[in-house]
Amino acid sequence: MNTHTVTNQSPERVGLDEYEANVALREAVERYDAGWATEALHETGTHVGNAEFQADARRANRNEPVLHSHDRWGNRIDEVEYDPSYHRVIGAAVKAGAHTSAFADPRPGAGVARAAHFMLFAQIEPGHACPVSMTHASAPVIAQHPELAKQWMPRLLSTEYDGALRPGKPGAIFGMAMTEKQGGSDVRANTTHAEPAGDGSYRLTGHKWFCSAPMSDGFLVLAQAPGGLSCFLVPRVLDDGSRNTLHIMRLKDKLGNRANASSEIEYENTVGFLIGEEGRGVRTIIDMVTRTRLDSMLGSLAGMRQATAEAAWHVRNRAAFGKTLIDQPAMTAVIADLQLETEAATSLAMRVARAYDDDAPAEDVAFRRLATAVGKYWVCKRATSHAGEALECLGGNGAIEDFPLAMRYREQPVMAIWEGSGNVIALDVLRAIAREPESLEAFDAEVALAAGVNPVFDEHLARTRSLARDVAADAQPDARARQLVGALATSLEASLLLRTAPDAVADAFVASRLGEGAGFGHLYGALPRGVDAAAVAARA
């Protein structure tokens, strides 16, 4: 029926260079010595902004992975079938080096450039980012062990992607499997055991409650060896071309991250190779965990950017009550506040990414130990409410799966749980401060670089330092861990913005998050008087 003409609807947000459109990210890339990657980042930005890539992102999330435990003759195969769109998405990310380019081409800013590529792809399709991140995080662990590195590092650093399970592939994607039913984050309660086979390998028997991306070519796995909890490299396909024993029991039916398969698996006499020493499994795998926490932060930030960009696009192209939405003061304040949160997270995440480069000084190594945990906690926590507010900007369309923010709203809580939920991360911050006091000293030195610039910030910094001392002296510091992590996070974000962002952004962040108006900080759009909301919103 031709009853009306469609008007006052936003056009589809495609055909853009997403890197060019993200002014805060571009500034951070230049600031942290990755300007040499600008051309490649524009190529990635254009690729993820085109209609074909975005159609693949939608298709991969709607046509979810399917488990085939057996072939038609009854042979056990344990294969997960992905929609071809998923393979195109992850193949493009690997080709751009979003996985291991920082190790393949180490130089100043390499980690920043790699983080930017990773975020641009994850901004449009987040599911594939899980195996991309795990591959990135596996590389430094495997590189420390010469025999395994000789076999696996060339494949990890390759930009060729092949989703099939077959021997001799030039590239490899990695996963990890740590958590079990009875233990969860308490990995020392694992019961999977590993017995020496006498030929240099081990045989693993047990289960894992969460194994993401089970079609990966290799996994880092924790199991109880004779000498205690140890780390093993478990290949999916053995050197003779046969399948290693990895029984996929079922795929998880998840809230978000629908394009990526997460599974429950069982090992039965499964071949694995020891990485590091027996009994040192947690110490061995901790570098991988830390880097995946960095990527959880980056993934949440990518979602913040998508949410802000889609909301800003909509309100600039739709009118109500005689005005374009963005020109209505209440909506201007919401978009400005969404952008403030995104800018603060961008400043924090990219500063931390720079601290992971090979040329990072010793104080940056100490700084990243604490800053990664603080940032992972705070950015992932803030991302969930941020997505809800952005979705509201689209009205009813925001809750419809035809638009990307419904997917994003389901996605953001997943990042807050992966690699340690809130309490796990907050307690890790306390552990770092107690065991590695140099990490707090380096963190404080970084934050203090903005001291004397803004009196409200100075007061907040003084309160945060006092709180850190009080918590350290508390007989039960755990109860105040979250309070301290929140104070540390906002201190770092404010310091970075005061030093690097336009005055309108820095002043608005300090006033709304640290000043008298900070009580409204969790309600987006409730900005205090005097904030230049239009100037901040213009950067969205």
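These entries record what I looked up in a predicted model of a protein chain.

**Conventions.** I number residues from 1 along each chain as its sequence is written, and side-chain values use heavy atoms, without hydrogens and water. Because the model is predicted, local features need pLDDT of at least 70 and side-chain atom pairs count only at pLDDT 80 or more, while totals for chains, interfaces and linings use all residues.

**Overall fold.** I found 19 helices and 11 strands in the protein chain, taken as DSSP runs (helices H or I, at least four residues; strands E, at least two) numbered from the N terminus. The C-alpha trace spans about 75 × 70 × 40 Å along its principal axes.

**Packing.** I looked up burial (under 20% relative accessible area, exposed being over 50% and partly exposed in between, 1.4 Å probe, protein chains only), and 57% of the 540 residues count as buried. Of the contacts (heavy atoms within 4.5 Å) with a separation of 6 or more, 73% join residues 24 or more positions apart.

**Glycine 183.** I located glycine 183 in the loop between strand E3 (174–177) and strand E4 (193–196). Glycine 183 counts as buried because its relative accessibility is 17%. From glycine 183 to alanine 312 I recorded 43 Å, C-alpha to C-alpha, across 129 residues in sequence.
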